[in-house]
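Please read the points below with the model open beside you.

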Amino acid sequence: MGKVSLSLRLGILSVLALWSLAGPALVTGADQAPQVPPLQVPIDQLDGVQRATVILDSYSYTPRHLIVQAGKPVELILTSITTITPHNFLLKSEAGGLSIERDVGSGDTVTVQFTPMKPGLYLFNCDKKLLFFPSHLEKGMEGLLEVR
Ligand SMILES: [Cu+2]
């Protein structure tokens, strides 16, 4: 009898433990998009290019964290899925020898190529802005290129 009630109590405890783990995640999931894990950009076996597609939406890049290797060419296929709002892709770092600035109109696909030579963390963003409204960067439209 004592054994039964102990296992019952343990059962209730484990349900509570599971709930406390799952509860916050469910609440978080309700009001924000699921996190996309960092993308280790694959190297194309045919041409040796590190190639990835980045989706531009209002106001995000997906994936927003890309990991590439230094000294090898990178090609980003910037694909806008908006119907009206234009965006852009700015990645500038004097120290990193990178200066990329490309407009991506609504529904457009633009390809950028560059070869990062210096390992580091480089932020990219969209600086489009409509009149007195906050810029897209201020609305969270930024991402991270991690060069290893
Ligand atoms: Cu934008």
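1. Strand E2 (residues 50-57) and E5 run parallel and are joined by 7 bridges. Strands here are DSSP runs of at least two residues, numbered from the N terminus, and two strands pair if DSSP finds at least two bridges between them. Alanine 52 has leucine 76 in E5 as its bridge partner.

2. This is a predicted model, in which local features need pLDDT of at least 70, side-chain atom pairs count only at pLDDT 80 or more, and totals for chains, interfaces and linings use all residues. Residues are numbered from 1 along each chain as its sequence is written.

3. E5 is joined to strand E8 (residues 109-114) by 6 bridges, and these two run antiparallel. In E8, valine 112 is the bridge partner of leucine 76, and threonine 109 is that of threonine 79.

4. The open sheet has 4 strands in the order E3-E2-E5-E8, with mixed pairing. Strand E3 (60-62) and E8 are at the edges with a single partner strand each, so one side of each has no neighbour in the sheet.

5. The protein chain has a mean pLDDT (the predictor's confidence in each residue, from 0 to 100) of 85, and 77% of its residues reach 70 or more.
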